[in-house]
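Welcome! Please take a look at the sequence and the 3D structure below, and then we can walk through a pocket and some charged pairs together.

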Amino acid sequence: MESARQFRSPGKSLAEMDPETAARLLAATSDVTLVIDAGGVIRDLAIGSDSLPASSLDEWVGRPWLETVTVESRRKIEDLLRDAAGNAPARWRQVNHSTPAGEVAMLYSALPIGSKGRVVAMGRDLRPVAALQQRLLDVQQSMERDYLRRRRAE
């Protein structure tokens, strides 16, 4: 199995990318993209998914990222920020956000941007995956019930 590979010459191939294009690219490739300052506060965000509650997420701007997640996810946020600050290889971590509509499971990776301690965190909404897993479980349980009915009938 081959491992992930970085661009060979990003300075050359992406040199003409301006901030507006970079912002559009990040928004298009993530369900939610956060720009976090050196203190861990969300300074900007982009929402690339229609299924996320935009009004709830807009309230995150100006708040520490840690305050937007459940207590169980705070350690993972600390790890993401620490790894990004230390230029460690980007890893994906599942965290749960608290929203008025309930918990939203997200998968995040974070990377440093610039020299002022800012971090960009790219998130993927895990609700479609959870719905698919639930459907699979429902089908499996239905098949087991059918199997048991057939055995009893025999």
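## The largest pocket

The largest pocket has a volume of about 1,100 Å³. Of its 30 lining residues, those closest to the centre are L25, L26, L111, V120 and M122. Here a pocket is an open set of points on a 1 Å grid over the protein atoms alone, where a 1.4 Å probe fits, with protein on both sides within 12 Å along at least five of seven lines; lining residues have an atom within 4 Å of a point. The volume is the space filled by probe spheres set on the points.

The lining divides into 21 nonpolar, six polar and three charged residues. Helix α2 gives the most to this lining, with seven residues.

## How the model is read

This is a predicted model, in which local features need pLDDT of at least 70 and side-chain atom pairs count only at pLDDT 80 or more, while totals for chains, interfaces and linings use all residues. Residues are numbered from 1 along each chain, and side-chain values use heavy atoms, leaving out hydrogens and water.

## Salt bridges

There are eight salt bridges (a side-chain nitrogen of Lys or Arg within 4 Å of a carboxyl oxygen of Asp or Glu). In one of them, R82 pairs with D79, with the closest N and O atoms 3.0 Å apart. Both lie in helix α4 (residues 74-85), three residues apart.

R149 and D146 also form a salt bridge, at 2.9 Å between the closest N and O atoms. Salt bridges that share partners join R75, D79, R82, D83 and R93 into one network.

Methods: Helices (H or I, at least four residues) and strands (E, at least two) are DSSP runs, numbered from the N terminus. Ala, Val, Leu, Ile, Met, Phe, Trp, Tyr, Cys and Pro count as nonpolar, Asp, Glu, Lys and Arg as charged, and the others, Gly among them, as polar.
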